[in-house]
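Subject: Structure handover

Hello,

Please look through it first; my notes on what was found follow below.

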Amino acid sequence: MTRHRLLFVCLGNICRSPMAEGVFRRLVAERGLSDRFEIDSAGIGDWHVGQAPDNRAQAAAMRRGIDISMQTARQLRAVDFSHFDLILAMDGSNHGDLQQLSPKQLHGKLRHFLDFATQTGTRDVPDPFFGGDEGFDHALDLIEAAAEGLLETLVVEDGVAAKPGAQRSSL
Ligand code: 4NP
């Protein structure tokens, strides 16, 4: 069975991508699929390396029953581009940075996370860092929608791949 290696990326790795990591971890745990995933998150920048997620991100996640307090911020590393199968950018700026930083032949691994939730009508999880609590709740709404869409896509892909003679597609 395919083991998916997923990396969620934002700017600082203290707000959006830790929430995405926590939401996706809980989703796969609820479905009994945890052993089929390696899930991590990282930041484009190094300002917050070693820190726990922002208190407001921890509180917003906890309001939905998700504990992200044990996460530690880290910066994106060159090896991440080869190690992970899918690298999920929280916004267009992060996606642009990932394209700049990664080898061209690995650009197929880079995705806008919200492309898995087209019903949201946006590609960007707005950066909540300089705003209030409502920005974190809104970010979580978008993240939850995209997490559901991403898992659904991967489960369908796995089902197709498991059928004899079936072709794997691009994921
Ligand atoms: P994140 O939010 O990218 O969602 O973790 C930010 C955290 C810190 C900064 C910017 C965005 N900062 O400029 O320090």
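Two strands count as paired if DSSP finds at least two bridges between them. By that rule strand 1 and strand 2 are a pair, because seven bridges join them. These two strands run parallel. Please keep in mind that this is a predicted model.

Strand 1 and strand 3 run parallel and are joined by four bridges; V9 stands opposite A89 in strand 3. Strand 3 and strand 4 also run parallel, with three bridges to join them. Here I87 is the residue opposite L110 in strand 4.

As for burial, strand 3 is covered on both faces. L86 and L88 are buried on one side, and I87 and A89 are buried on the other. Strand 2 is mostly covered, with five of its seven residues buried.

The cores

In soluble globular proteins, nonpolar side chains tend to be buried together. In this model the largest nonpolar core has 39 residues. Those with the most contacts inside this core are L6, F8, M19, F24, F37, F113 and L150. Two or more residues each come from strand 1 (4–10), helix 1 (16–30), strand 2 (37–43), helix 2 (55–63), strand 3 (86–89) and helix 5 (133–162). Helix 5 gives the largest share, 11 residues.

Leaving aside neighbours within four places in sequence, F24 is in contact with L6, F8, F37, I39, A147, L150 and L151. There is also a second, separate core of 12 residues, which includes V9, A89, L106 and L110.

The cysteines

How many disulfides does a search of the whole structure find? The search finds zero. A disulfide is a covalent bond between the sulfur atoms of two cysteines. For C10, the closest cysteine sulfur is that of C15, and the 6.9 Å between the two sulfurs is too far for a bond. The cut-off for a disulfide is 2.5 Å between the sulfur atoms. Looking from C15, the closest cysteine sulfur is that of C10, again at 6.9 Å. Both cysteines are buried: C10 has a relative accessible area of 2%, and C15 has one of 4%.

C10 lies in strand 1. Not counting residues up to four places away in sequence, C10 touches R16, S17, P18, A42, G43, I44, M90 and N94. C10 and H95 are 85 residues apart in sequence, while their C-alpha atoms are 8.8 Å apart in space.

A buried aspartate

D158 lies in helix 5. Is D158 buried or exposed? D158 counts as buried because its relative accessibility is 5%, and the cut-off for buried is under 20%. The side chain of D158 makes a polar contact with the side chain of H4, at 3.0 Å.

That is what I have for now.

Regards

Technical notes:
Residues numbered from 1 in each chain as written. Predicted model: local features only at pLDDT ≥ 70, side-chain atom pairs only at ≥ 80, totals over all residues. Heavy atoms only, no water. Core = buried A, V, L, I, M, F, W, Y, C linked by side-chain atoms within 4.5 Å. Buried < 20%, exposed > 50% of the residue type's maximum accessible area, 1.4 Å probe, protein only. Contact = heavy atoms within 4.5 Å. Polar contact = N/O pair within 3.5 Å; in protein donor to acceptor, adjacent residues only side chain to side chain.
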